[in-house]
Amino acid sequence: MQRIARPIAELAAAAVLSLAVLTALLTVTGYPVADALAALWRGAFGSWMVITSGTLVRATPLLFAGLAVTVAFRAGILNIGAEGQLLMGAAAATAVGLALGDTLGGGGAVVALGAGVVAGGAWATVPAILRLRFGVLEVISTIMLNVVALNVTGLLVRGALQEPTHTFPQSALLDVAVRLPRVVPGTRLHAGAVLALLAALGLGWFLRRTAAGFRLRVTGANPSAAASAGLVDVRRVTMLAFVASGAIAGLGGAVEVTGVTFALYENLSPGYGYTAIAVALLARLNPVSAIGAAVVFGALEAGASAMQRDAQVPAGVVAVVEACVILMLLASEWIASRVPLMRTWNRGAPPTAESTP
């Protein structure tokens, strides 16, 4: 029971504390608190249309990228490159989608998504080789590759993939046959959201129920012990985890292109790959919990737009709140060590009568 109660309690605590931080920021900066919070709520959960076409659509790439970060972190890899891997997946899906047109019918979308998976995985092999062959820290290499991917995308939309009139820095629109179908008629919610949900559930099962998932977790927990035991090829697991992480992020980029934008833009991602780190940390590197965490951040992203439009509050305020959520999560271990009930949950034992207030 504590496995369910603890994440819910932490999520609720993070939401309450984030709301308090946002209220304090609005008060200090002189913005109308009530109007801003009302706009935030309307933009995130104000109606069925807002939830399906705004919050859940924004949560989808965050969930893919969050799962990518989860795989890497569980294997002991500090992959900060989900942003670049997502962009390369989007670029590859666009290139393949434009080349296919309607030649394969509905199968074209599947091929485009596959191209995104391959491109994201291939992009992740670069920091993997640098780490395994030359000992380069992946924190540095993945961040630098994010910059490279952003500039490669810019070159593509101004060159090889630019739309036919060569007027705007974007690609041509994908054919309807390459676009993902809507799962809720009349909304923007597309099949990619279902795919992300299945990916989260499948990854959760993989990590907990399979021998390969066990080897990945053992490698991340203590690679030296895993290698000494002779049961895990740490280098092989590390390489595979790198590639899997990049492939999932690349799939997220491909889904964004084929399900939402239908074209490649220079600033396609508003930082999904970086926000995904917060998603993964908020979910405690649990793929299933990442579903709820992605919805929380998707709601913040959707609500920020409404807050800026209706209350003239800069969307950057929400970015500050997201950063505060990460800091609070990092501080939660210290807080948990001083709260009897959470200390009991941390030990994995059920709450006792003595620990209950």
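Helix α7 (residues 191-209) packs against helix α8 (residues 211-221) at an angle of about 80°, and their axes lie 5 Å apart. Angles from 65 to 115 degrees count as roughly perpendicular, so α7 is roughly perpendicular to α8. On the α7 side, the contact is made by Phe206, Leu207, Arg208 and Arg209. On the α8 side, the contact is made by Ala211, Ala212, Gly213, Phe214, Leu216 and Arg217.

This is a predicted model.

## The whole chain

The protein chain has 14 helices and zero strands. Of its 357 residues, 48% count as buried. The chain exposes about 16400 Å², and carbon and sulfur atoms supply 69% of that area.

Residues 24 or more positions apart account for 73% of them.

## A buried threonine

Thr258 lies in helix α10 (residues 234-261). Is this residue buried or exposed? Thr258 is buried, because its relative accessible area is 0% and buried means under 20%.

Which residues touch Thr258, leaving aside neighbours within four places in sequence? They are Ala112, Leu113, Leu174, Val178, Arg179 and Leu180.

## Salt bridges

Side chains of opposite charge can pair when their charged atoms come close. The count here comes to four salt bridges. One of them joins Asp310 to Arg42, with the closest N and O atoms 3.5 Å apart. This pair links distant parts of the chain. Asp310 sits in helix α12 (residues 289-311), Arg42 sits in helix α2 (residues 33-45), and the two are 268 residues apart. Asp310 is partly exposed, at 37% relative accessible area. Arg42 is also partly exposed, at 43%.

Asp310 has a salt bridge with Arg309 too, at 3.3 Å from N to O. Salt bridges that share partners join Arg42, Arg309 and Asp310 into one network. Arg309 is exposed, with a relative accessible area of 55%.

Another salt bridge pairs Arg131 with Glu138, and here the closest N and O atoms are 2.9 Å apart. Arg131 is partly exposed, at 26% relative accessibility. Glu138 is buried, at 7% relative accessible area.

## A nonpolar patch

The surface carries a nonpolar patch formed by Leu78, Leu137, Val139, Ile140, Ile143 and Met144. Together they have about 530 Å² of accessible area.

Where is Leu137 placed? Leu137 is in the loop between α5 (107-134) and α6 (138-157). Leu137 counts as exposed because its relative accessible area is 55%, and exposed means over 50%.

Note on methods:
Residues are numbered from 1 along each chain as its sequence is written. This is a predicted model: local features need pLDDT of at least 70, side-chain atom pairs count only at pLDDT 80 or more; totals for chains, interfaces and linings use all residues. Side-chain values use heavy atoms; hydrogens and water are left out. Patches are made of residues with over 30% relative accessible area and no salt bridge: like charges are joined within 9 Å, nonpolar side chains (Val, Leu, Ile, Met, Phe, Trp, Tyr) within 5 Å. Accessible areas come from the Shrake-Rupley method with a 1.4 Å probe; for residues, only the protein chains shown count as cover. A salt bridge is a side-chain nitrogen of Lys or Arg within 4 Å of a carboxyl oxygen of Asp or Glu. Helices (H or I, at least four residues) and strands (E, at least two) are DSSP runs, numbered from the N terminus. Buried means under 20% relative accessible area, exposed over 50%, partly exposed in between (1.4 Å probe, protein chains only). Axes are lines fitted to C-alpha atoms, for helices over the stretch in contact, and angles run from 0 to 180 degrees between N-to-C directions. Angles under 35 degrees count as roughly parallel, over 145 as roughly antiparallel, 65 to 115 as roughly perpendicular and the rest as oblique. Contact means heavy atoms within 4.5 Å.
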